[in-house]
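Here is a short briefing on an interface and a pocket. Please look over the structure before reading on.

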Number of protein chains: 2
Amino acid sequence: VNDRHLSTQYDVELSGVCARVLEMGGLVETQVAAAVRALVRLDQDLASEVLAAERRVNEMELEVDRELSSIIVRRQPAARDLRLLLAISRIGANLERAGDEAARMARIVTRQLAPRSSAPALPAPVDLGFEAGLATAQLRKALDAFARMAPQAALDVLTQDDRIDAEFEGLLRRLITYMMEDPRAISGSIDLVFAAKSIERIGDHAKNIAEGVIYIVEGTDVRHRPIAAPDPRTR
Amino acid sequence: VNDRHLSTQYDVELSGVCARVLEMGGLVETQVAAAVRALVRLDQDLASEVLAAERRVNEMELEVDRELSSIIVRRQPAARDLRLLLAISRIGANLERAGDEAARMARIVTRQLAPRSSAPALPAPVDLGFEAGLATAQLRKALDAFARMAPQAALDVLTQDDRIDAEFEGLLRRLITYMMEDPRAISGSIDLVFAAKSIERIGDHAKNIAEGVIYIVEGTDVRHRPIAAPDPRTR
């Protein structure tokens, strides 16, 4: 990850756990994209794959934490290295929670496919794909910032989170209009509201991961701090 | 917290950080109850207090993490003690996220009070109070299990989470029926759907805290594991 450590073996262990987190991140990205696809197509097989991937992601989070604990106990790190190790653990936790949101979407597919009397099936006239594309792009950028330990790239993720929020608000307004026009569609559409919300939360996890990268590199805990307006040239 | 440590000074530090977590937990409990009250009464002043409390909870989480890191660096704990320290950090993180959900509810009050054309004001004919009461009770029980390091009490929290889920599902069905009967109420009711969801998630955080207690005491990581059915006599 960086070159300030004297111990080569420590570097190897650290790279190993970072590689594991990135592998976990790749799995979550795929899982999120698959969950949205399963929802749009009401594809139960794909939804089942998403749920299987969630179990794997959960296991990987536990593995990452076990490896980090093992490093801490054996290496007895100084404050700066400990900060790095704990931030990696938090990044893993955020990936796991993003995976949870994908699983929530997958469970909506099962619910939609269950026989019901009052709710027409999807699709409603809203497209979750754009919001999902923004969220997976944010996740990818945050993981890339982590892989390169690039705080500027991480800062970009923070400043772009409001695009997902705006897209969520737009989807919500369209869904409400749709429900008002056809009250029979309410029950089915509520599930889409939850799915849109899950995608927004995946964006929040990407933001948390980006905050973790900034914390690792700059030692500044930007959790719970407002972020300055972005440089307009970078938008 | 327990008596297996030889170092008295370490015990004092550990008790200090646990007390801080419990103080944080008490603040979050109050915050959740106030958020629901603010929502039911559409009380903007109370909602503002909830948002102020969220900032304090966020600060306390950072303080807890700083104290834990300082203990790890100075004490160089063995695996068992490290497990305890990291589990305490996760409990703090779950309290902070429960506080986030309370803040989400408080922001709904502001939104409901903003002038709007199409949405009738609350209250809709659903009462979030029962679900909120279940969630705050779960939070209190989980914190009590933490204070006493009582795994059986923690297990009770895990087995009772499905009561909140059932109450959430019931509220959702009633809100959908209400929206179908009066489509003008959809926009306002969606906010109640989100509030009910926030309360359900607070219950999830209580569950995560209880899992942390079991992990600390028994060394068993019950994250992501299905919990056995409860003893019927304890229900």
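This is a predicted model: local features need pLDDT of at least 70, side-chain atom pairs count only at pLDDT 80 or more; totals for chains, interfaces and linings use all residues.

Residues are numbered from 1 along each chain as its sequence is written, chains are lettered from A and ligands numbered from 1 in the order written, and side-chain values use heavy atoms, with hydrogens and water left out.

**Interface of chains A and B**

- Contact (heavy atoms within 4.5 Å) links 37 residues of chain B with 37 residues of chain A.
- The two chains bury about 3200 Å² between them, and carbon and sulfur atoms give 65% of that. Buried area is the accessible area (1.4 Å probe) that two parts lose on being put together, summed over both.
- There are 4 salt bridges between chain B and chain A (a side-chain nitrogen of Lys or Arg within 4 Å of a carboxyl oxygen of Asp or Glu).
- Glu101(B) and Arg201(A) form a salt bridge, with their closest N and O atoms 2.9 Å apart.
- On the side of chain B that touches chain A, α2 (44-75), α3, α5 (151-181) and α6 (186-218) of chain B each give two or more residues. Helices are DSSP runs (H or I, at least four residues), numbered from the N terminus.
- By class, that side of chain B has 18 nonpolar, 6 polar and 13 charged residues.

**Second largest pocket**

- The lining of the second largest pocket counts 15 residues; Asp65(A), Arg66(A), Ser69(A), Arg83(B) and Tyr215(B) lie nearest its centre. A pocket is an open set of points on a 1 Å grid where a 1.4 Å probe fits, with protein on both sides within 12 Å along at least five of seven lines; lining residues have an atom within 4 Å of a point.
- α2(A) gives the largest share of this lining, 6 residues.

Notes. Ala, Val, Leu, Ile, Met, Phe, Trp, Tyr, Cys and Pro count as nonpolar, Asp, Glu, Lys and Arg as charged, and the others, Gly among them, as polar.
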